[in-house]
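Colleague: I have the sequence and the 3D structure open. Can we walk through them together, step by step?

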Number of protein chains: 2
Amino acid sequence: MPRSTDASQELLPGTLDLLILKTLSRGPLHGYGIAQHLLAVSAEVLQVGEGSLYPALQRLLGKEWVDAEWGLTDTGRRARIYRLTPAGRTQLAVETGKFTRMVGAIQAVLTA
Amino acid sequence: MPRSTDASQELLPGTLDLLILKTLSRGPLHGYGIAQHLLAVSAEVLQVGEGSLYPALQRLLGKEWVDAEWGLTDTGRRARIYRLTPAGRTQLAVETGKFTRMVGAIQAVLTA
DNA sequence: GACAATGCATTGTTTCTCGATGTATCGTTT
DNA sequence: AAACGATACATCGAGAAACAATGCATTGTC
């Protein structure tokens with residue numbers, strides 16, 4: 001099946017970087033673990049696919065908001081562990097503020 | 001000046017259709033008026049440019065969530081008046097629900 | 001030995017927002 | 001009367017981002 005005209009929309013576009021940064025602020029974690037965490041905390045609402053997650057991590061690496069090294073998971077599997085940098089922590093604050101501001105504005109329209 | 005690597009980000013991507021539908025649920029309005037309304041209600045936060053607004057309106061017309069006819073504004077200027085269709089009203093409910101659900105999920109991550 | 005889950009990542013497609021551009025009218029100021 | 005800013009329509013091209021599909025490899029379970 002080549003393509004449906006669907007658009008399941010698992011995410012609010014533009015929020016993925018924020019979600020990853022926030023997750024990593026709790027401590028270093030590997031990619032798969034980030035996805036699991038978002039699923040769990042959001043009650044299965046935030047289903048971030050690998051085709052979204054890994055490009056996002058590359059983006060964040062390029063901006064040096066996270067760094068990475070190879071290591072082992074809790075279950076002893078080889079994995080790349082991502083960690084928030086100081087710059088990333090700053091950026092987390094910036095994006096959290098922007099998000100809150102935007103959501104407030106949208107809520108204002110929706111309840112007008 | 002050809003281009004900055006900026007990304008001013010006036011909007012949460014994916015929410016423009018919702019904002020337009022909600023605005024039109026208050027009554028028929030022309031494009032410029034929609035932009036003004038969003039600015040006013042959001043305290044200048046939601047700055048929708050024309051390059052975003054009009055393509056969005058075309059999209060909504062194509063899906064028949066709004067219709068349009070030429071008319072006059074309050075100030076007597078010629079303008080295209082957009083109006084929410086019944087299907088658009090249904091879609092407004094759908095998108096409002098989806099948005100609320102997504103924001104709730106993201107808030108859960110941010111406050112975890 | 002097959003299969004699901006874990007774990008990495010890239011490629012191609014689509015969708016969306018935005019700045020720039022173009023047209024036209026109206027009211028105010030100079 | 002000329003200039004200018006605000007009002008009003010719309011399109012085009014560029015860039016960013018999310019997603020499905022795909023590919024590889026390992027581990028644990030049936």
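Modeller: First, a working rule: Asp, Glu, Lys and Arg count as charged, Gly is among the polar residues, and Ala, Val, Leu, Ile, Met, Phe, Trp, Tyr, Cys and Pro count as nonpolar. Keep in mind that this is a predicted model.

Colleague: By class, how many residues of the surface near DNA strand D are charged?

Modeller: 35 residues surround DNA strand D. Of these classes, 13 are nonpolar and 14 are polar. The charged residues number eight.

Colleague: Which residues are closest to DNA strand D, and which elements give two or more residues to that surface?

Modeller: Both chains take part. The closest residues are G51(A), S52(A), H30(B), G31(B) and T73(B). Two or more residues come from each of these elements: from chain A, helix 3; from chain B, helix 2 (31-41), helix 3 and strand 3 (78-84).

Colleague: Now DNA strand C. Which residues come nearest?

Modeller: There are 35 residues around DNA strand C. By class, the surface has 13 nonpolar, 15 polar and seven charged residues. Those that come nearest are H30(A), G31(A), E10(B), G51(B) and S52(B).

Colleague: Which residue just after helix 3 of chain B takes a positive phi?

Modeller: The phi is about 60°. The residue is E64(B).

Colleague: What is the bridge partner of D67(B)?

Modeller: Start with the pairing. Strand 2 (residues 66-72) of chain B runs antiparallel to strand 3 of chain B, with seven bridges joining them. The two form a hairpin with five residues between them, and G76(B) in the turn has a positive phi of about 80°. In strand 3 of chain B, D67(B) has as its partner R83(B).

Colleague: Which residue stands opposite H30(B)?

Modeller: Strand 1 (residues 29-30) of chain B pairs with strand 3 of chain B over two bridges, in the antiparallel sense. H30(B) is also among the residues closest to DNA strand D. Its opposite residue in strand 3 of chain B is I81(B).

Colleague: Turn to chain A. What is the order of the strands in its open sheet?

Modeller: Chain A has four helices and three strands. Along the sequence they follow α-β-α-α-β-β-α. Strand 1 (29-30) and strand 2 (66-72) are the edge strands, each pairing on one side only. With antiparallel pairing, the order is 1-3-2.

Colleague: How much of chain A counts as buried?

Modeller: A residue is buried if 20 or more other C-beta atoms lie within 10 Å of its own. Chain A has 112 residues. The share that counts as buried is 29%.

Colleague: Last one. Which element gives the most to the side of chain B that touches chain A?

Modeller: The contact takes 21 residues from each of chain A and chain B. On the chain B side, helix 1 (16-24), helix 2 and helix 4 (86-110) give two or more residues. That side divides into 15 nonpolar, four polar and two charged residues. With nine residues, the top contributor is helix 4 of chain B.

How values were computed. Residues are numbered from 1 along each chain as its sequence is written. Chains are lettered from A and ligands numbered from 1 in the order in which they are written. This is a predicted model: local features need pLDDT of at least 70, side-chain atom pairs count only at pLDDT 80 or more; totals for chains, interfaces and linings use all residues. A residue is near a molecule or strand if its C-beta atom, placed from the backbone, lies within 6 Å of it. Two residues are in contact if their C-beta atoms, placed from the backbone, lie within 7 Å. Two strands pair if DSSP finds at least two bridges between them. A residue is buried if 20 or more other C-beta atoms lie within 10 Å of its own, exposed if 12 or fewer, and partly exposed in between; C-beta atoms are placed from the backbone.
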